[in-house]
Amino acid sequence: MSVVAENPILARRTSTFGRLSDYFWLNPKLFLLMLLAPPLPWLGIIYLGSLFALLLQSFFSIDEFSGLINYEFTLDTYRQLLIPANFDIILRTVIMAALVTLASALIAFPIAYYAARYARGKWKALFYLAVMLPLWSSYLVKVYAWKLILAKEGILNWGFAKLHLTWLLDAWLALPVVGGNSLSISYTGTFIVFVYVWMPFMILPIQAALERVPVNLIEASADLGGNPGQTFRHVLFPLALPGIIAGSIFTFSLTLGDYIIPQIIGSSRLFIGQAVYAQQGTAGNIPLAAAFTVVPIVIMGFYLWMAKKRGAFDAL
Amino acid sequence: MTAVLFENVSRHFGAVRAVDSVNLAIAEGEFFAMLGPSGSGKTTCLRLMAGFEQPTGGHIEIFGETAEGVPPYRRNVNTVFQDYALFPHLSILENVAYGLMVRGIAKAERLKAAENALAMVKLPGYGSRRPGQLSGGQRQRVALARALVNRPRVLLLDEPLGALDLKLREQMQEELKALQKSLGITFVFVTHDQGEALSMADRIAVFNEGRVQQLGTPEDVYKRPQTRFVADFVGSSNVLAPSFVHSLGYPARYASLRPEALALGEGGSNARRFSGTVVATSFLGATNRLTVEAAGTRIAAMLPASAAVPPQGTGVTLSFAAEDLHLMDEAA
């Protein structure tokens with residue numbers, strides 16, 4: 001007899017565990033419930049719950065004399081955000097985040113395009129390694145490394161000097177706002193390090209989006225008379241847009257919330273993250289810290305809403 | 001006038017000769033089919049015409065103008081892609097109007113032209129939908145409208161019916177043929193389906209291993225195959241070995257014999273005949289297919305369904321008219 005004939009037509013279930021498998025197979029909804037039971041409380045209570053607690057805090061205010069929190073609903077804390085000193089922090093952070101996002105997208109796109117369209121085999125592996133490697137080392141180490149690179153005695157200055165381009169660097173540093181005593185204590189330095197640190201988060205989603213664009217759509221555009229510029233504008237870019245948006249969510253929100261980079265590299269002027277850190281720590285003004293935290297959330301929500309309205313996710 | 005001219009055109013990818021010294025002259029207004037198995041070079045030839053590939057050797061002319069070095073977007077040639085390649089982020093109307101849009105035609109004008117093109121392929125009013133909301137057959141029509149709206153001098157079709165089911169395919173074959181006649185545009189059609197090529201094309205080039213095996217009318221290719229490959233690939237011809245052909249009273253060359261040319265029995269006075277044993281029979285609806293083994297060769301015969309089918313294992317005599325056997329150029 002063949003092996004097949006020895007197998008029973010309807011195999012008996014063998015163990016309690018097997019019986020459980022059968023039961024779940026026949027009741028997929030129950031299975032889903034079991035699957036989600038452990039992570040849902042985590043997400044619901046610890047994650048979203050703490051967020052709502054934070055939101056709630058922002059509607060309280062602090063008593064300026066006693067330093068105690070006044071548990072009465074008020075919009076005073078939000079009004080405080082609008083005083084020049086605080087509003088400058090918000091504006092500074094949002095502009096920095098927007099510039100970092102824009103620069104990241106511009107630098108990431110060609111790299112992602114190469115990886116998605118041309119890199120094969122070991123070159124692709126090398127690409128992933130090159131993009132991910134910086135993520136494996138400590139964030140603080142990288143930021144301090146950049147402080148040394150950008151310092152007046154650093155390698156960048158040395159390089160500019162050797163290329164006889166010190167005048168260029170000096171001219172840049174003499175500019176208002178973006179300039180400063182040296183790159184490591186200027187907005188330019190903060191910007192460079194932000195772009196460096198968040199770059200992988202921009203490259204990978206764009207690469208994933210480009211990878212999903214069939215080659216024959218590019219060919220179809222050319223076939224219909226679209227020159228490379230038109231093909232990019234009307235086909236490649238719109239189809240990569242969900243990836244660019246996904247990447248920009250990372251770079252934008254990470255920049256909005258970061259408090260370490262601007263503290264180590266940059267002028268002493270505060271960013272939102274530093275303001276939150278200062279308010280909830282030394283100042284003990286939890287409501288104001290909470291209100292500051294709400295700002296990035298609102299900005300991101302608005303940003304996504306705009307993106308959706310402009311049809312950025314139509315190709316998904 | 002010659003629409004597309006290939007002079008000794010080659011396209012080699014390293015050691016792989018995808019297209020090897022191909023000569024073609026496609027006439028204006030012709031419905032030209034390139035037929036062959038996958039990897040035979042037919043699609044690469046189409047891509048050379050579209051401009052997606054550049055030849056590694058030889059010379060290509062489109063309406064008398066040298067095509068080498070001209071990118072696809074500067075060729076008045078349009079393609080209907082195998083899987084349609086519709087832009088997923090654009091509506092059907094925007095898809096069809098795309099070619100006019102990149103050429104800078106005003107919005108109102110191009111949308112009107114796209115509307116008309118959709119009506120021509122029997123999809124009026126579908127403009128606001130997205131490609132994802134359409135069936136395969138409808139997408140195929142949209143791809144056709146998107147190409148034709150540009151009034152191309154040559155329309156290239158890359159297995160456009162391959163993804164459709166049989167019934168729809170037959171219907172689209174007729175529609176394509178009618179459309180080509182009414183528009184007078186040169187159609188170049190790539191297919192691996194010999195039935196499609198035979199029924200639609202004015203002329204067929206049969207491809208194998210990067211070369212054109214035979215170029216001729218459907219009747220030529222079907223009835224007078226020049227090589228064993230053509231005889232085998234186009235239809236289900238019996239390819240007879242030189243020794244067997246010799247035993248039937250012909251010169252010792254390879255020959256093809258269509259299954260439907262064979263009849264049971266001795267036949268008339270000038271018929272040729274041979275005897276064999278029935279090894280298999282199958283019912284095909286309108287006909288019965290009989291496989292007979294004679295002198296070690298398996299020969300298929302198509303018999304009308306009305307004729308009695310001799311059972312497996314019986315000895316039979318098969319006959320055919322002497323002129324139905326086609327001697328091929330290939331010697332032994």
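What follows is a chat about a predicted model with chains A and B.

Student: Before I dig in, what ipTM and pTM does the predictor give the complex?

Tutor: This is a predicted model, and the predictor gives the complex an ipTM of 0.84 and a pTM of 0.81.

Student: And what about chain B, what's its mean pLDDT?

Tutor: The mean for chain B is 91, and 99% of its residues reach 70 or more.

Student: OK, how many helices and strands are in chain B?

Tutor: Chain B has nine helices and 18 strands. Its C-alpha trace spans about 75 × 45 × 35 Å along the principal axes.

Student: What share of chain B counts as buried?

Tutor: That's 42% of its 332 residues. As for contacts in chain B with a separation of 6 or more, 63% of them come from residues 24 or more positions apart.

Student: I was looking at β9(B) and β10(B). What do they form?

Tutor: A hairpin, with two residues between the strands. β9 covers residues 203-208 of chain B and β10 covers residues 211-216, and the two run antiparallel with five bridges joining them.

Student: Which residue stands opposite B:N208?

Tutor: B:R211, in β10(B). In the turn, B:E209 has a positive phi of about 50°.

Student: Switching to the three-stranded sheet in chain B, what's the strand order?

Tutor: It goes β11-β12-β18, as an open sheet with antiparallel pairing. The edge strands are β11 (238-240) and β18 (326-327) of chain B, each pairing on one side only.

Student: New topic: the contact between the chains. How many residues does each one put in?

Tutor: Chain B puts in 19 residues and chain A puts in 17. On the chain B side, the elements giving two or more residues are β6 (77-80) and α2 (92-102).

Student: Which element gives the most there?

Tutor: α2(B), with three residues. By class, the side of chain B that touches chain A has 11 nonpolar, five polar and three charged residues.

Student: Now chain A. Which domains does the assignment give?

Tutor: Domain 1 is 1-33 and domain 2 is 83-309. Taken over C-alpha atoms, their centres are separated by 52 Å.

Student: What does UniProt annotate on residues 90-304 of chain A?

Tutor: The unreviewed UniProt entry has "domain: ABC transmembrane type-1" over that stretch. In the model, residues 90-304 of chain A are 78% helix and 0% strand, and the end C-alpha atoms sit 19 Å apart.

Student: Last one, A:I264. Which helix is it found in?

Tutor: A:I264 is in helix α14 of chain A, residues 261-264.

Conventions:
Residues are numbered from 1 along each chain as its sequence is written. Chains are lettered from A and ligands numbered from 1 in the order in which they are written. This is a predicted model: local features need pLDDT of at least 70, side-chain atom pairs count only at pLDDT 80 or more; totals for chains, interfaces and linings use all residues. Two strands pair if DSSP finds at least two bridges between them. Helices (H or I, at least four residues) and strands (E, at least two) are DSSP runs, numbered from the N terminus. pLDDT is the predictor's confidence in each residue, from 0 to 100. Two residues are in contact if their C-beta atoms, placed from the backbone, lie within 7 Å. Ala, Val, Leu, Ile, Met, Phe, Trp, Tyr, Cys and Pro count as nonpolar, Asp, Glu, Lys and Arg as charged, and the others, Gly among them, as polar. Domain bounds come from an automatic or database domain assignment. A residue is buried if 20 or more other C-beta atoms lie within 10 Å of its own, exposed if 12 or fewer, and partly exposed in between; C-beta atoms are placed from the backbone. UniProt positions are given in the numbering used here, feature names are shortened, and annotations may be inferred rather than shown by experiment.
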